[in-house]
Amino acid sequence: MKGIQAIKLIISLVVCFGASGLGALFMADDSVTNWYAQLQKPNITPPDWVFGPAWTILYLLMSISVFLVWNKGLDYPKVKLAIGLFLIQLALNAIWTPIFFGFHSILLALIDIILLFIAILATLLVFKNISFFASMLLVPYLLWVGYAAILNGSICYLNQQELFSVSSQKINNTIMKGLEMKADGDSVAFNKLTPEEEAIIINKGTEKPFSGEYYKHREKGVYICKRCNAELFTSEDKFDSSCGWPSFDDSIPETVKCQLDKDGIRTEIICNNCGGHLGHIFTGEELTAKNARYCVNSLSLSFIPSGKVQKLQNAYFAGGCFLGGRIFFPKYRRCKIYQSWLYGRAQTKPNL
Ligand SMILES: [Zn+2]
């Protein structure tokens, strides 16, 4: 009899921790941490290290709880219903991580976690009729999920743009793939990169210090993205930091995006237009009045001397698809700034 009990306990543990392992698969990708790191989070967010130990304890309590109920025997009143509810809440729990971290869908994750909270509450109430102690073991889990639902809801509220940018990003990629195949090279396709440039821009490498073409470059003009030609830095903001790479203390507004490097320590800088890797930004070194050093790989840049920078001209387009405009113009590298209207509301975006 004790042997059967041990097997039931082991099965309970394997099923519960197996469900948690399914979610962990989605955490392995670097893009997950980068995406999560750039989200706005409420003040009540606990530090990342809390989640691991907290969930381990909760899964352990959950396993013991379902074991206690199952141990009463499947013929015991309401045990089948209780286990059924338990498995439903476990499934809702398991799909949360893939929805949030895999598909970056904060809103769907919120719906899932609300359903999860309801399912845990229902499970707890049915468990209570079978074993009071088993139901009490689910209380910390219920409270934690309630707290997590509030966190998820706050992230939803603070990142409203992200809610829609995910789907548009996916459409964007699909459309752009099609367009790039048809493009005649000068419209939407990115510049062809050499293997050395690709190692830096796409694979986020770093060129050897003191080796780059623009390290000691002093000419007046604009530095553009090697991949998409977006204007990123001007010679006005370039300074000699003696670090071995071209250094700027500022970028052209809204052209360079900062994000946590995959090393979790440094801040990576990427082209806001094409996402190409540029280098890293360091602050607090007090090298210039702006107190920032954009440390950029020469291979990520091209240079246009002052006299050759083209003057901007306006072009007006009428279209029936607001989203289509927002998708297409940012990718059209000759478009430096665009304004789109939706229901009379104008939205201006630099596209440098
Ligand atoms: Zn670019």
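At what angle do helix α3 (residues 51-70) and helix α4 (residues 79-102) pack, and how far apart are their axes? The angle is about 160° and the axes are 10 Å apart. Axes are lines fitted to C-alpha atoms, for helices over the stretch in contact, with angles from 0 to 180 degrees between N-to-C directions.

This is a predicted model, in which local features need pLDDT of at least 70 and side-chain atom pairs count only at pLDDT 80 or more, while totals for chains, interfaces and linings use all residues. Residues are numbered from 1 along each chain as its sequence is written.

Stay on the first pair. α3 and α4 are therefore roughly antiparallel (an angle over 145 degrees). Select Val66, Val69 and Trp70 of α3 with Val79, Ala82, Ile83 and Phe86 of α4 to show the contact (C-beta atoms, placed from the backbone, within 7 Å). This contact has 7 nonpolar residues and no polar or charged ones (Ala, Val, Leu, Ile, Met, Phe, Trp, Tyr, Cys and Pro count as nonpolar, Asp, Glu, Lys and Arg as charged, and the others, Gly among them, as polar).

Next, select Ile95, also in α4. Ile95 has 18 other C-beta atoms within 10 Å, so it is partly exposed (buried is 20 or more, exposed 12 or fewer, partly exposed in between).

Finally, select helix α5 (residues 106-130) and helix α7 (residues 139-158), whose axes come within 9 Å and cross at roughly 160°. That makes α5 roughly antiparallel to α7. Their contact includes Phe117 of α5 and Tyr141 of α7, and by class it has 18 nonpolar, 3 polar and no charged residues.

Methods:
Helix = DSSP H or I, 4+ residues; strand = E, 2+ residues; numbered from the N terminus. Parallel < 35°, antiparallel > 145°, perpendicular 65-115°, else oblique. Contact = placed C-beta atoms within 7 Å.
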